[in-house]
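This briefing goes with the structure shown below. The points are grouped by topic.

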Amino acid sequence: MKNFESRVDELRKKFEGALAGVNDDRALEDLRNEFLSRKRGHLTLFFDDLKALTPEERPVAGKLVNELKIQVQEALTTRQGKLATRVVTPDKADLTLPGEKLPWGAPHPLMLFQEEIENIFLAMGFSIAEGPEIETDYYNFEALNFPPHHPARDSWDTLYLGDDLLLRTHTSPMQIRVMEKFKPPIRIIIPGKVYRREAIDPTHLPMFCQVEGLLVDEGVTLAHLKGTLEHFLKTLLGDKIEIRFRPSFFPFTEPSAEVDISCILCRGKDPACPICGGTGWKELLGAGMVDPQVLKNVNIDPERYSGWAFGLGIERTAMFRYQIADMRIFYENDLRFTRQFSLK
Amino acid sequence: MKISLNWLKEYLDGDISVQTAVEALERIGLMVEGREEKDGDIVLEVETYSNRPDTLGHLGMARELAVALGLRLKERNWPLSELAVRTADLADVQILDADLCPRYCGVVVKGIKVGPSPAWLQKRIESMGLNPINNVVDVSNYVLFSTSHPIHAFDLDKIAGARVIIRRAKKGERLLCLDGTDLSLAPDMLVIADEVKPIALAGVIGGQASAVTEETKDIFIESAYFNPVSVRLTRKAAGLQTDASYRFERGADISFPPQAALMAASLLTPFGGRSSREPADVFPLPPKKKEIILRHRRITELLGVQVDETFVQKTLTDLELGVEQQQPGVWRVKAPSWRVDLDREADLIEEVARFYGYEKVPSVVPSLQVVDPIPDKSREKLDRVRPLLFHYGFNEVINFSFSDADRERLLATGFEAIQIRNPISAKASLLRTNILGGLLETAAWNKNRGLDAIQIFETGNVYFRDERGCRERLTLGLLSTGMREEPHWRQKSREADFFHLKGVCEALLQQLRYEPFSFEKAEHPCFEPGSGLAMAYKEEKIGYLGLVVGRIREVFDLKQPVCAAEIDLELLFGKQPKPFTYEAVAKYPAIVRDVSLLVPRDVSYQDICKAIEKLPLPILEESRLIDLYSGESVPKDKISLSFRFVYRHLQRTLLAEEVDRAEQQVLVQLKRAFGAQLREGGKIDNRTGKN
Ligand SMILES: [Zn+2]
């Protein structure tokens with residue numbers, strides 16, 4: 001019995017000592033469990049031990065344990081109330097120790113870059129539309145004014161799934177799908193994966209990401225295309241860049257343009273420049289005024305409406321911006337590479 | 001297209017420097033991608049467009065430069081040494097399939113001494129990156145690279161019956177081509193035949209049997225216009241691409257065949273060549289000359305700049321277009337035969353813009369009126385999913401959509417994979433039917449580079465074929481392996497295990513309000529037996545998760561446990577989530593009771609939850625599993641589950657007796673349903689009446 005009393009005392013001391021060291025809710029909860037847990041709580045086990053005592057001893061001992069239980073419960077409740085207001089200064093703790101590590105997941109750099117592009121256009125009142133990657137010849141080529149068997153198709157080297165089914169070679173089919181469904185004014189950008197029959201090398205991949213833009217309204221001009229793309233590219237790549245528009249050919253735009261950006265690496269001074277090859281310019285996107293035939297194909301009157309469209313490769317743009325030499329790195333998904341970009 | 005500066009000067013009046021030429025070409029969209037000095041000449045590599053076959057020769061480039069620089073084109077004369085005999089008396093030309101060959105010209109050149117070309121000609125041929133062969137072949141190539149018009153020379157003596165018949169091939173016919181290919185001809189291929197057999201594949205390549213050799217004396221020069229689509233289909237079917245087919249399939253100049261033939265004949269006179277009079281010219285299908293109306297107003301409307309009318313008229317006239325003013329500001333325009341790209345008003349406006357200069361078009365930010373956004377539900381939801389996953393510590397990856405037979409067999413998703421007809425390699429011959437394959441590859445890549453904590457996800461399409469055809473579905477894949485965090489003094493690093501990933505799935509579904517969701521045990525070919533769960537929302541299976549089976553991990557050399565999940569986002573996003581409603585914050589305190597129960601091991605937690613939910617207990621606000629124990633003090637066939645029950649009444653403070661009654665109901669229900677027993681001392685009144 002004596003023994004039992006001293007054990008109760010010991011436990012009380014232990015509790016009081018432990019309580020003094022409690023300085024947060026979690027520690028308090030741990031302490032509550034340590035003493036009161038229904039399985040292994042010190043007090044729970046004490047109650048079990050009562051069975052071993054004589055019937056005479058039991059009530060006295062039971063009272064002792066019960067008193068301690070009430071004391072413990074009350075002390076815990078009181079401390080809980082105090083904890084909220086106590087100023088916590090971890091005594092003796094070395095405050096230069098590192099804080100807890102909070103894990104964070106990072107977006108893929110291509111998605112980050114895509115979002116950056118999207119946001120510039122969202123601010124101008126564009127909507128985002130995504131379309132199917134498996135397309136028909138009609139949407140990928142014919143409706144975009146590629147005649148059947150025309151060599152223009154060779155520049156869009158295609159992966160075929162069937163006689164009429166293919167993996168879209170550009171995001172442009174979605175232009176048609178949107179214009180079929182909505183009437184002008186139309187302002188959309190179309191991000192997505194596209195596919196080409198290309199062998200993998202540092203600057204070519206059989207799958208890559210594109211963003212397409214389309215604006216159709218009354219009175220839209222080539223001057224508007226220039227103005228919008230300049231605003232877009234300077235917002236994306238910085239005010240210092242120069243932009244050059246030059247004539248080009250795409251079946252679905254007329255007139256067509258290719259847009260070049262001044263080389264930020266060598267400014268045209270290094271014949272061995274990995275970005276521009278010394279020309280001073282890097283071709284970044286294709287654009288143009290929507291071909292009247294394309295508008296006719298979706299029952300939009302080209303006499304009343306005009307529009308422009310552009311398309312750019314996200315990888316190529318990101319490579320230019322961050323001077324990444326090898327396109328393949330985006331699809332290696334090395335987390336040491338991808339995670340960096342969430343810090344930008 | 002290779003362009004020699006010296007060659008250009010054969011056509012351009014006036015001296016131009018390389019720099020001037022390059023700048024002028026680039027301003028009008030002909031980009032110079034390389035330049036090379038060769039024997040006092042400079043050869044430019046100029047990018048051309050598939051709609052501009054006229055620029056595939058020096059004459060065409062010279063025309064462009066002449067307009068861009070305000071230079072004049074030189075007139076070139078091709079004097080002949082003529083025989084008395086007419087072409088028709090030496091060779092009989094007959095077109096049987098005029099749809100595939102609207103025009104065919106021929107001229108006979110007799111008495112040639114076949115031999116090496118003179119130095120000037122060899123230089124020209126070499127500047128195109130070709131080896132000089134002999135004067136006849138070199139002259140053919142000279143004409144081609146000068147005018148972009150392909151011609152072909154036959155040994156006249158080897159044309160049986162001196163008959164040149166342009167017809168479709170007959171079944172079973174063959175042609176031994178100049179490059180050595182023994183071609184089996186199909187009936188839709190156009191051939192040049194003599195009385196007996198095909199002697200050339202029209203517009204693509206000549207035959208060996210009729211080829212010009214050292215012994216050749218008399219030749220028949222072919223200069224024709226072949227149907228572009230026919231040439232393209234034929235050369236694709238034959239697997240041959242030649243300088244000739246490249247030009248014919250883009251559209252040759254239908255007016256030019258006689259000139260090209262006579263130019264070749266003229267160039268052969270120094271080698272003794274004398275040409276027949278009156279070249280054969282069979283022209284069954286002369287095209288109609290199209291007239292295009294060009295309105296000055298439209299130029300302004302499309303370009304956003306006022307281009308001077310005189311500039312428009314002068315540019316088009318310089319480009320050798322027929323321009324006739326119909327009324328002020330309106331022109332009738334006829335394009336020359338070599339400009340196959342000019343068909344419509346928009347095409348002419350582009351020509352005006354090209355020579356006006358894109359740089360002179362102002363940059364104007366359009367004033368944009370407010371338009372209704374085009375909604376994209378799937379996209380909006382995806383924009384919520386991704387940040388949640390970042391928050392849970394998962395990194396986004398993007399893998400190629402390709403797969404191969406081995407991988408599909410290994411992962412055996414049960415979907416029929418879509419085959420790519422013309423894959424770039426066997427490794428990319430199918431489209432993926434799952435996200436998991438790419439995630440495993442990514443995990444292996446990072447593991448091999450020393451990364452221990454790998455939590456990754458990908459959202460993208462999977463592809464498969466079903467009775468409705470080829471399908472693509474937006475899918476989320478999750479993979480977690482290794483540690484969840486690097487070791488740190490404050491935290492023990494936890495291993496990424498099944499319940500970690502399950503928690504991620506649950507949190508995601510909860511935060512998107514896809515509740516109530518449920519999980520059922522389900523075997524899956526990718527998972528260890530007994531480790532798989534199927535996820536369901538509104539009774540429909542939306543995904544699965546589990547521990548990746550060893551034989552799959554081995555393939556990717558992943559030794560540690562790997563948890564993975566896939567959720568069909570397309571299906572999920574198509575379903576209505578629980579509507580969002582605001583609930584008033586409770587004003588009255590809750591009573592919290594912890595209860596430990598001994599439950600038979602074969603009872604599942606989910607069933608217990610369902611049994612509790614079924615009870616008519618509006619005051620039971622929440623029940624949560626706070627501990628699970630199966631140690632010494634617990635019988636072997638049982639497990640101890642500790643629940644925390646939160647009771648609350650929304651309008652008043654609860655009485656202890658009410659809670660006791662409710663608790664009793666819970667215990668009775670669980671006892672009846674599962675034989676659950678209260679553990680000794682297994683009740684704690686927490687008294688933490690949180691408000
Ligand atoms: Zn550079």
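Predicted model: local features only at pLDDT ≥ 70, side-chain atom pairs only at ≥ 80, totals over all residues.

Residues are numbered from 1 along each chain as its sequence is written, chains are lettered from A and ligands numbered from 1 in the order in which they are written, and side-chain values use heavy atoms, with hydrogens and water left out.

**Chain A overall**

- Chain A has twelve helices and nine strands; helices (H or I, at least four residues) and strands (E, at least two) are DSSP runs, numbered from the N terminus.
- The radius of gyration of chain A is 35 Å, whereas a compact globule of 344 residues would have one near 20 Å. This radius is taken over C-alpha atoms, and the globule rule is 2.2 Å times the number of residues to the power 0.38.
- Along the principal axes, the C-alpha atoms of chain A fill a box of roughly 105 × 45 × 40 Å.
- Of the 344 residues in chain A, 54% count as buried.
- The accessible surface of chain A is about 15,100 Å², and 52% of it belongs to carbon and sulfur atoms. Accessible areas come from the Shrake-Rupley method with a 1.4 Å probe; for residues, only the protein chains shown count as cover.
- Among contacts (heavy atoms within 4.5 Å) in chain A between residues at least 6 apart in sequence, 66% join residues at least 24 apart.

**Nonpolar cores**

- A nonpolar core is a set of buried Ala, Val, Leu, Ile, Met, Phe, Trp, Tyr and Cys residues joined through side-chain atoms within 4.5 Å.
- In the largest such core, of 143 residues, A:Phe232 and A:Leu233 touch the most other members. Helix α8 (residues 222-237) of chain A gives the most to this core, with eight residues.
- A second, separate core has 41 residues, including B:Leu190, B:Ile205, B:Phe220 and B:Phe248.
- Leaving aside residues up to four places away in sequence, A:Phe232 touches A:Ile117, A:Ile120, A:Phe121, A:Leu285, A:Phe310 and A:Leu312.
- In soluble globular proteins, nonpolar side chains tend to be buried together.

**Individual residues**

- A:Leu205 sits in the loop between β4 (186-195) and β5 (207-217) of chain A and is buried, at 2% relative accessible area. Beyond four places in sequence, A:Leu205 touches A:Glu198, A:Ile200, A:Met327, A:Arg328, A:Tyr331 and B:Phe400.
- A:Leu205 and A:Arg328 are 123 residues apart along the chain, yet their C-alpha atoms are separated by 7.4 Å.
- A:Ala27 and A:Leu45 are 18 residues apart in sequence and 21 Å apart in space, C-alpha to C-alpha. A:Ala27 lies in helix α2 (residues 25-36) of chain A and is partly exposed, at 26% relative accessibility.
- B:Glu64, in helix α3 (residues 58-69) of chain B, is buried at 2% relative accessibility. Among the residues that B:Glu64 touches are B:Arg52, B:Arg339 and B:Arg354.

**Backbone geometry**

- Most residues other than glycine have a negative phi, and most peptide bonds are trans.
- A cis peptide bond, with omega about 0°, joins A:Pro184 and A:Pro185; A:Pro185 is in the loop between α7 (173-181) and β4 of chain A.
- Another cis peptide bond, also with omega about 0°, joins B:Glu515 and B:Pro516.
- A:His149 has a positive phi, near 60°, and is partly exposed, with a relative accessible area of 38%.
- A:Asn333 has a positive phi, near 55°, and is buried, with a relative accessible area of 0%.

Technical notes:
Buried < 20%, exposed > 50% of the residue type's maximum accessible area, 1.4 Å probe, protein only.
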